[in-house]
Amino acid sequence: MDIKFNKKGKLSIDIAASAVWCLFVLIVSGCDWNLLSPVRIIILVLGFAGFSYLILMNAGKEERIIAIATILAIGIRTFYVLYTGANQRQHDMGEFGVYHEMNYHSEYIEYLLNNHRLYDQNITEHWQFYHPPLVHIISAVFFGIYRKIAPSMANNWDALQCLSLFYSLVTLAVLKKFIGLWGFSSKGRTTAYMVFAFLPQFIVFAGALNNDPLSVLFAVSALYLSVIWYNSEKKPFAALMGISVLIGLGMMTKLSAGLIAVPVGFLMAKAFFESKKKLSFVWKYIVFLLVCAPLGLWYQVRSYILWKVPVTYVAVPDYNYNPGLLIPDVPFWKRFLAFGDGIDYNIISETLNEAVFDGEYYRKHMVLAIVGYLLLASFTVFTVTIVLNFIFAWVKERNLMNLLMTILLVSQLGFYIHFCFAFPYTCTMSYRYIVPTIVAGAYYTGLSEDKAPRLLGLITKVSVYAVAIFSLALYCFTWHLDVSGVFH
């Protein structure tokens with residue numbers, strides 16, 4: 001696969017450092033800006049300065065820009081968590097402490113916290129309860145421990161964002177290690193890493209309390225470990241079981257995380273056909289399925305046994321209550337090529353918009369509106385460069401990693417397009433459903449530094465840094481809008 005392993009730094013150390021930082025933020029701030037006193041702000045700033053110093057000191061000369069990007073990425077994610085509450089900028093969360101007839105992720109978590117068992121009523125009548133429960137279980141256990149340690153903070157649901165911040169930082173750490181497998185030059189690694197560090201969706205994920213951040217973490221980790229496994233001469237059984245567990249846990253978080261099994265399965269199939277000891281792979285793959293399938297599907301099987309709910313069941317919004325969510329019956333081509341005011345069913349434009357703003361409306365403030373337009377424009381250019389670099393790579397760079405990334409893109413985008421047509425609602429068109437595609441996007445972006453024509457490489461690099469700058473600006477300015485009450 002033409003891989004040059006980057007052995008600098010251990011992923012386990014990055015994960016441990018992420019955990020320490022997230023706990024530090026929780027202890028000092030409760031993950032809530034309103035709980036910060038001047039003294040606590042000073043402590044938080046000093047802690048961040050110390051953490052930043054350690055990151056810089058452990059980076060080599062060639063890695064200094066990546067280290068600075070990491071510091072900024074951690075900083076903006078932490079800041080976003082501090083000014084974003086448990087009831088702000090969330091998807092399908094509802095409100096903690098408010099009864100919504102058992103329909104939202106917040107009620108899911110609270111039910112597990114208070115009853116220590118799964119909900120025993122038909123999940124098709126309770127909207128978000130159709131999701132497998134891993135993230136809700138983790139949240140319930142974590143918050144149960146938190147309120148016992150700090151009983152005075154028993155209603156501080158913002159503390160749960162300590163978990164989402166942790167998922168976000170670990171995802172960044174895994175993706176950083178992934179870049180080390182691609183054999184890029186220093187400039188190529190840096191440009192690819194900028195994509196991960198400042199992708200707007202990843203910043204939003206740092207404060208998201210639903211199941212998206214954790215499912216993406218498991219998915220990209222499974223893909224990363226599968227590449228490690230495939231390129232190991234001995235194809236260690238322990239690593240294969242690790243992949244199985246990661247995919248299973250991803251599906252136990254959100255069933256669509258199992259889609260990562262397509263590129264992973266490709267590597268497993270290739271390893272099988274290349275091996276002279278095929279029989280040894282057969283029993284290993286059987287064990288793989290015996291671990292992965294029960295982990296990933298037990299909740300769906302339970303729901304089918306109890307209430308005859310199809311395994312692939314997806315809850316749909318009540319369009320009678322909100323008819324604006326339903327997309328009109330329009331020709332296939334219009335879903336991709338129709339543009340203009342009032343057109344909210346174009347999959348391409350809506351997905352780009354969601355990737356940048358995650359469904360928020362930022363036009364009430366002139367400065368933020370300008371920054372938002374610039375971010376959307378630069379992200380659109382960046383997306384176009386991914387397509388061009390993808391084409392160029394297939395013309396000039398036909399290797400196994402290119403094929404793997406293509407399979408990743410095709411499987412994710414194919415599922416997404418089918419999903420958009422099978423469930424024709426405006427809320428279906430959201431980049432959060434296909435975030436793993438950014439792995440391929442970063443790969444083709446980094447490749448452009450070393451392989452693409454000079455002009456294409458320059459445009460790619462400029463668009464990546466423009467997205468980084470405007471993304472940082474947007475999610476810093478958003479804090480001002482929150483405290484100034486523009487959104488309230």
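The model is predicted. Its mean pLDDT over the chain is 92, and 96% of the residues reach at least 70. Residues 2–7 fall below 50 in pLDDT, and the model gives this stretch 14 contacts beyond near neighbours in sequence. Residues 484–488 also stay under 50, with nine contacts beyond four places in sequence.

Helix α10 covers residues 237–253. With 17 residues at 1.5 Å a residue, α10 should span 24 Å, and the distance of 24 Å between its end C-alpha atoms agrees with this. Twelve of those 17 residues are buried, so α10 is largely enclosed by the rest of the structure. Buried here means under 20% relative accessible area. The buried set includes Ala239, Leu240, Met241 and Ile243, and it also includes Gly248, Gly250, Met251, Met252 and Thr253. What do these buried residues of α10 pack against? Their partners are α5 (134–149), α9 (212–230), α11 (261–274) and α12 (278–307).

Helix α3 can be read in the same manner. Its 20 residues should span 28 Å at 1.5 Å a residue, and its end C-alpha atoms lie 29 Å apart, which agrees. Of the 20 residues of α3, 15 are buried, so this helix too is largely enclosed by the rest of the structure. Phe79 belongs to α3. Setting aside residues up to four places away in sequence, Phe79 touches Trp33, Tyr475, Cys476 and Trp479. Between Phe79 and Trp33 there are 46 residues of sequence separation, while their C-alpha atoms are 8.7 Å apart.

Helix α3 also takes part in a pocket. The second largest pocket holds about 870 Å³ of space. It is lined by 32 residues, of which Asp14, Ile55, Asn58, Thr70 and Lys176 are the closest to its centre. Two or more lining residues come from each of α1 (11–29), α2 (38–57), α3 (64–83), α6 (161–179) and α7 (186–198). The most, seven residues, come from α1. By class, the lining of this pocket has 17 nonpolar, eight polar and seven charged residues.

The largest cavity has a volume of about 150 Å³. Among the 16 residues that line the largest cavity, Ser215, Ser256, Ala257, Tyr433 and Pro436 are the closest to its centre. Helices α9 and α16 (400–422) each provide at least two residues of this lining, and α9 has the largest share, with four residues. The lining of the largest cavity divides into ten nonpolar, three polar and three charged residues.

Next come the loops. Arg432 sits in the loop between α16 and α17 (437–451). Is Arg432 buried or exposed? With a relative accessibility of 8%, Arg432 counts as buried, because the cut-off for buried is under 20%. Beyond its neighbours within four places in sequence, Arg432 is in contact with His91, Asp92, Gln201, Phe205, Asn210, Asp212, Lys254 and Asp358. Gln201 is 231 residues from Arg432 along the chain, yet their C-alpha atoms are separated by 7.1 Å.

Two further loop residues have a backbone feature to check. Cys31 lies in the loop between α1 and α2. Its phi is near 60 degrees, a positive value in a residue other than glycine. Cys31 is buried, with a relative accessible area of 0%. Lys235 is found in the loop between α9 and α10. The phi of Lys235 is near 45 degrees, again a positive value in a residue other than glycine. Lys235 has a relative accessible area of 15% and is therefore buried.

How values were computed: Residues are numbered from 1 along each chain as its sequence is written. This is a predicted model: local features need pLDDT of at least 70, side-chain atom pairs count only at pLDDT 80 or more; totals for chains, interfaces and linings use all residues. Side-chain values use heavy atoms; hydrogens and water are left out. The expected span of a helix is 1.5 Å times one less than its number of residues. Buried means under 20% relative accessible area, exposed over 50%, partly exposed in between (1.4 Å probe, protein chains only). Contact means heavy atoms within 4.5 Å. On a 1 Å grid over the protein atoms alone, a cavity is a set of points where a 1.4 Å probe fits but cannot get out, and a pocket is an open set with protein on both sides within 12 Å along at least five of seven lines; lining residues have an atom within 4 Å of a point. Grid points are joined across faces, edges and corners, and a volume is the space filled by probe spheres set on the points. Ala, Val, Leu, Ile, Met, Phe, Trp, Tyr, Cys and Pro count as nonpolar, Asp, Glu, Lys and Arg as charged, and the others, Gly among them, as polar. pLDDT is the predictor's confidence in each residue, from 0 to 100.
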